[in-house]
Number of protein chains: 2
Amino acid sequence: MTNQSKVKVYQEVLNKIRHFIEEHELTDGDRLPSERELSEQLNASRASIREALRAIELLGLIETRHGEGTFLRTYKPYHSVELLSTFVLREVKTKHELLEVKFLLEQLCLNQLLLSENWDPSNLRQVLDESNDLHTDLFLQLFQTYGNQLFLKIWHLVTGFIQSIDTSTVKETHYIELINLIKSGQINQAIDYHASIYRQF
Amino acid sequence: MTNQSKVKVYQEVLNKIRHFIEEHELTDGDRLPSERELSEQLNASRASIREALRAIELLGLIETRHGEGTFLRTYKPYHSVELLSTFVLREVKTKHELLEVKFLLEQLCLNQLLLSENWDPSNLRQVLDESNDLHTDLFLQLFQTYGNQLFLKIWHLVTGFIQSIDTSTVKETHYIELINLIKSGQINQAIDYHASIYRQF
DNA sequence: ATTCGGTTAGTGGTCAGACCATTTTTTTAA
DNA sequence: TTAAAAAAATGGTCTGACCACTAACCGAAT
């Protein structure tokens, strides 16, 4: 007898929905049959249909609109990252590791920007003047400049976690100095300075 | 009036479960309260509880055993792979972002190992000989060697998502070469070689 | 006292049906 | 013709029921 024989209804439903999408060649924005229709067509209770839909909704594969229906949606792999991270981090939540990863990501971002030829650091918006959290807003802008959404998302996530367990802040003057180094094009010095800021932890 | 105001019950439940896990410091293998208990404690119907649990089950965060209960489980990014791949094959931009982040994380790992003085690359286990996925197993070992759990988990997460949308593999010989470079201590060359592997994408 | 076997309580798995909230469509009335 | 009202369709949620599986309990035979 096989060990993992029992396949749950909602799993079956997922497969059938998959096939349905392939058969009908549905793409982004297209509407799936209603939950009640699916219930009949796939021979499962509406509760099971919903369990399946809720699962792929959390994955970010569909979007539901009350009163309208269920729609395919552009897949965003990092849709559920927030949720995942909370679970993933439950054993790992040491302050040191968080800070280290955050630092490494930021340094990596600076390095990558340094390597890209068409980056003009002087374009950094002056909006930073009105910022309450210079560090976060500065790197938010840097990550956005680099352009990789996932990269930004991961950093943002780590940053959020740190702020929830550690409220210590760094003197603003440090970041003003860092910003000046960046804007004047001295990226290597900026990277060193950035590292020095973290060394105090 | 806000547009996305309505938060669904199952999403609330997910948050509450998250908090529960953190409060009670549950870890892999620990049991969650039964669905009926959760239903009472979290003030939601069992149906909603199940929608939440099914969702994170699909993500691979929990495991349910009929007649026993619901248990936390080591996160397995490979879990929902087949499902995702069918949905995801369109939309290339995110794939590129995923690959880029994966590459950057790996390069970062190599770089950090290079910087650490007490690392002896010759200690790389030969177990890799029996590997089905040289790349993954190699870097799994490297990340473990570096020792930052969070760093490893993030990489693992990204890797899992990538495998769900891209089954293309790289010739084993490339990794044998890479491993040789690492083991012989030529880390800088290894980093270059690693980059060259990714350039083909 | 020990062991075997059945009973029972707890748990996840599934379903049917009801009602609400929101949106769309249809019908009705001005 | 048009605007308001009603109806239908759809997702959101809850309740209660029943089944299948597991583990713990308990009594009877050894």
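Q: Which residue in β3(A) does Arg31(A) stand opposite?
A: Arg31(A) stands opposite Phe71(A) there. Strands here are DSSP runs (E, at least two residues), helices are DSSP runs too (H or I, at least four), and both are numbered from the N terminus.

Q: What kind of model is this, and how are residues and chains labelled?
A: This is a predicted model, where local features need pLDDT of at least 70, side-chain atom pairs count only at pLDDT 80 or more, and totals for chains, interfaces and linings use all residues. Residues are numbered from 1 along each chain as its sequence is written, while chains are lettered from A and ligands numbered from 1 in the order in which they are written.

Q: Back to the sheet in chain A. What's the strand order?
A: The order is β1-β3-β2, in an open sheet with antiparallel pairing. Two strands pair if DSSP finds at least two bridges between them.

Q: Why does β1 of chain A have one side without a neighbour in the sheet?
A: β1 (31–32) stands at an edge with a single partner strand, so one side is left without a neighbour, and β2 (62–65) of chain A is placed likewise.

Q: How many bridges join β2(A) to β3(A)?
A: Four, and the two strands run antiparallel. Glu63(A) stands opposite Phe71(A) in β3(A). β1(A) and β3(A) pair over two bridges, with Thr70(A) as the bridge partner of Leu32(A).

Q: What sits between β2(A) and β3(A)?
A: Three residues, which complete a hairpin; Gly67(A) in the turn has a positive phi of about 85 degrees.

Q: How about DNA strand D, how many residues surround it?
A: 21, and the closest are Ser34(A), Val9(B), Ser45(B), Ser48(B) and Gly67(B). By class they divide into five nonpolar, ten polar and six charged.

Q: Which element gives the most to that surface?
A: α3(B), with three residues.

Q: Is α3(B) mostly covered or mostly exposed?
A: Mostly covered: twelve of its 14 residues are buried, including Ser48(B), Arg50(B) and Leu59(B). Buried means 20 or more other C-beta atoms within 10 Å of the residue's own, exposed means 12 or fewer, and partly exposed is in between, with C-beta atoms placed from the backbone.

Q: What span should α3(B) have?
A: At 1.5 Å a residue its 14 residues should span 20 Å, and the end C-alpha atoms are 20 Å apart, which agrees. The expected span is 1.5 Å times one less than the number of residues.

Q: What follows α3(B)?
A: Gly60(B), with a positive phi near 90 degrees.

Q: Last one: what does Thr64(B) touch?
A: Glu57(B) and Thr70(B), not counting residues up to four places away in sequence; contact means C-beta atoms, placed from the backbone, within 7 Å. Thr64(B) lies in strand β1 of chain B and counts as partly exposed, with 16 C-beta neighbours inside 10 Å.

Technical notes. A residue is near a molecule or strand if its C-beta atom, placed from the backbone, lies within 6 Å of it. Ala, Val, Leu, Ile, Met, Phe, Trp, Tyr, Cys and Pro count as nonpolar, Asp, Glu, Lys and Arg as charged, and the others, Gly among them, as polar. Two residues are in contact if their C-beta atoms, placed from the backbone, lie within 7 Å.
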